[in-house]
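Here's a quick briefing to read with the model open beside you. Have a look at the fold first, then work through the points below.

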Amino acid sequence: MSTPHKAEVWFAPVRSVGKKSLVRRAGGLLDHAGLRRAVSENDLVAVKLHFGESGNTGFVQPIFIREVVARVKAAGGKPFLTDANTLYRGERANAVDHLACALHNGFSYATVEAPLVIADGLDGRESVDVPIEGGTHFESVRIGSAAVHADAMVVVSHVKGHEATGFGGALKNVGMGLGCRSAKQRMHADFKPEVSAEHCTACGRCVRSCPVEAIAIGPDRVAVIDYEVCYGCGECVAACAYGAIAAQWKTTPQAIQEKIAEHVAGALSGKEGKVVYLSFLTNITPDCDCWGWSDAAVVPDIGVLASTDPVAIDQAAYDLVVEAAGLAGTRGESSAAGEDTFLALSGIDGTHAMAHAESLGLGTRRYTLKRVD
């Protein structure tokens, strides 16, 4: 009987016995994980990251991203930083505000030496419908077009807790992060749009965006939806500039994690052997980096991981946090070493995404941790 395959996950602990920079050691992990095999000469390489909201401090800082950019260039690639617009109407719901927020948080050509491209365009509707196989929820998913058309990708993730999924790592960064705005709506809820007459201006953008012609402007100058035709794609939410068709958030933790994994399948389609993951287990906050603030880290800084397997790197990150004791005075203080800190924080089992991604053939939860000092 053969032994099941284990993925390699490379690990650089925060402490450096050789007094080497964590920035350089994080970049070195990419080389260990196989960046030069993933990137070919003149490849357009999407560096998928989270630019953070204004006021948030949890996101991976530009000094690390500049090192990633330098490594991609050394491998012969042409890197660009990217993320897709948000569903909620904060500071990153359109490309203009999104880029302004990124610049405010220190991401610019001057600081990272690469251009910034918002994956799903000006208003979150530039996407590609990518077929997937074996999905429980979707037969196809809509991914930001810049990410789809890139030749290769480096996924830079900040590991943290999450109020809706329990855990945020590489899978969430790719699946939710690269889904266009309407895709984010489909992940967050089993969606049927509702129109607020108070906010509707009868501009017709929702009418033009609907792929099945389920929306019309009624005689009272308010958009009307034919629910016999509507199939809940979410395009009208992305199109409405006035918040008259509001985002919906009602779903289950297991369903949203499965939907995220299925969007990962779409984002990775056609990039077999062309994606490397770098995950930071530092400043491990209890909530998403989409908030305009950051709570105290719940466990001590651990280090950085790299792999070509998105499932394995998330499982390794999860396990390393569980092994750490919670910090006194934080929301993680009640978690002893060996207890599930993420479950304690949110009450949500954050491993469903890993299990579903594994069932889709995106990777394995079995891994070998290879330490690099």
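A search of the whole structure, which is a predicted model, turns up 7 aromatic pairs. Two of those worth a look share Phe107: its ring pairs with Phe51 and also with Phe59.

**Aromatic cluster**

- Phe51 and Phe107 have ring centres 5.3 Å apart and planes at 70°, so this pair is edge-to-face.
- With Phe59, the ring of Phe107 makes a tilted pair, because the centres are 5.8 Å apart and the planes stand at 50°.
- Phe59 belongs to the loop between β2 and α3 and Phe107 to the one between α4 and α5, so here the pair ties together parts 48 residues apart in sequence.
- Phe59 is buried, as is Phe107.
- Put together, ring pairs join Phe51, Phe59 and Phe107 into a cluster.

**Nonpolar cores**

- The largest nonpolar core has 60 residues, and the ones touching the most other members are Val174, Leu178, Tyr277, Leu281, Ile302 and Leu305.
- Helix α12 (residues 310–323) supplies the largest share of this core, with 9 residues.
- There's also a second, separate core of 39 residues, and its members include Trp10, Ala26, Val72 and Val154.

**A covered strand and its partner**

- Strand β6 (residues 140–144) is mostly covered, with 5 of its 5 residues buried.
- Strand β5 (residues 127–131) runs antiparallel to β6, and 5 bridges join the two.
- If you want a spot to start tracing that pairing, Pro131 stands opposite Ser140 in β6.

**Surface patch**

- Tyr231 lies in the loop between β11 (223–225) and α10 (235–239).
- Is Tyr231 buried, exposed or partly exposed? It counts as partly exposed, because its relative accessibility is 43% and that class covers values between 20% and 50%.

Key: Residues are numbered from 1 along each chain as its sequence is written. This is a predicted model: local features need pLDDT of at least 70, side-chain atom pairs count only at pLDDT 80 or more; totals for chains, interfaces and linings use all residues. Side-chain values use heavy atoms; hydrogens and water are left out. Helices (H or I, at least four residues) and strands (E, at least two) are DSSP runs, numbered from the N terminus. Buried means under 20% relative accessible area, exposed over 50%, partly exposed in between (1.4 Å probe, protein chains only). Rings of Phe, Tyr and Trp (its six-membered ring) pair if their centres lie within 6.5 Å; planes under 30 degrees apart count as stacked, over 60 as edge-to-face and the rest as tilted. A nonpolar core is a set of buried Ala, Val, Leu, Ile, Met, Phe, Trp, Tyr and Cys residues joined through side-chain atoms within 4.5 Å. Two strands pair if DSSP finds at least two bridges between them.
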